[in-house]
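Student: I would like to learn how to read a model of this kind, one feature at a time. Please give the general idea and then the case at hand.

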Amino acid sequence: MKILAICPQCGARLPVYAADAPATVRCGRCGRDLPLTITSKLRGDRSIDTCPVCKGTDFYIRKDFDPKVGLTVVIVGAFVSAVFYWFGRDLIAYAILAAAALIDLLVYQRLGDVTVCYRCHSEFRGAYERTAPPFDLHTADVLEVEYERKIGRR
Ligand SMILES: [Zn+2]
Ligand SMILES: [Zn+2]
C-alpha cells in the first residue's frame, strides 16, 4: 500500500510505502518530523483502520482522478475540432468533440478508488478492501475543524 501522508504543518505531500514505512518521516519542505503509526492491517495492505498521520478512524472513498489528464483530453479535442471546423468540415469537428468527451468519460470510469482521511487528507492507494463510505460534507466539516484545533491551526 502506498500512503500519501500530508504534513500537518505545511501541507506537503509525503509518499510512504506502508510495507517498509519508518516510524517517523521528515517533511522535505518544513523539516518537521512526522510520527507514523502503521497498523498491521495497513502494513499488510488488507484494510484501512487507523490513519498513520492523525490516528483518525474516519475515511471516505473517492475516484482517483487527475483533473489535469481530463482537461488535456478536452483541450486537445477542442483544438483538433476547431481545425476541422475552420476547413468547413463541421461533421468531423462535432465527431471529434464527441469523441473527446467520450474518452474523458471512459478514463473516468476506469479509474481506481482511493481512500482519503477526513481529518488530515492523507491518501491510501493499494489492493486493500474498500470499506469506507463516499464523501460526506457534514462529516468533513466536523472532523476537519476538530483536527485543525488539535494541530493548532484554528
Ligand atoms: Zn511540512
Ligand atoms: Zn489522517
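Student: How many helices and strands does the protein have?

Tutor: Helices (H or I, at least four residues) and strands (E, at least two) are DSSP runs, numbered from the N terminus. Here there are 4 helices and 7 strands, in the order β-β-β-β-α-β-α-α-β-β-α along the sequence. The radius of gyration of the protein is 20 Å, well over the 15 Å that the globule rule gives for 154 residues, so the protein is more spread out than a compact globule. That radius is taken over C-alpha atoms, and the rule is 2.2 Å times the number of residues to the power 0.38. The C-alpha trace spans about 65 × 35 × 30 Å along its principal axes.

Student: On what conventions do these values rest?

Tutor: This is a predicted model, in which local features need pLDDT of at least 70 and side-chain atom pairs count only at pLDDT 80 or more, while totals for chains, interfaces and linings use all residues. Residues are numbered from 1 along each chain as its sequence is written, chains are lettered from A and ligands numbered from 1 in the order in which they are written, and side-chain values use heavy atoms, with hydrogens and water left out.

Student: Is C7 buried or exposed?

Tutor: Buried means under 20% relative accessible area, exposed over 50%, partly exposed in between (1.4 Å probe, protein chains only). C7 has 0% relative accessibility, so C7 is buried. C10, at 26%, is partly exposed, and C30 is partly exposed at 31%. Over the 154 residues of the protein, 33% count as buried.

Student: What coordinates the zinc ion (ligand 2)?

Tutor: Ligand 2 is held by the SG atoms of C51, C54, C117 and C120, at 2.2 to 2.3 Å. Their spacing is C-x2-C-x62-C-x2-C. The site links distant parts of the chain: C51 lies in the loop between helix 1 (40-43) and strand 5 (59-63), and C117 is in strand 6 (residues 113-117), 66 residues apart. The donor angles of 100 to 115 degrees make the arrangement around ligand 2 tetrahedral. C51 is buried at 0% relative accessible area, and C117 is likewise buried at 0%.

Student: How many disulfides does a search of the whole structure find?

Tutor: A disulfide is a pair of cysteine sulfur atoms within 2.5 Å. The search finds 0.

Student: What does P133 touch, not counting residues up to four places away in sequence?

Tutor: Contact means heavy atoms within 4.5 Å. With that exclusion, P133 touches F59, Y60 and I61. P133 sits in the loop between strand 7 (123-125) and helix 4 (137-150) and is partly exposed, at 47% relative accessibility.

Terms used. Donors = N, O, S within 2.8 Å, 3.2 Å for Na, K, Ca; no water. Tetrahedral: all angles 85-135°; square planar, octahedral: opposite > 155°, others 65-115°.
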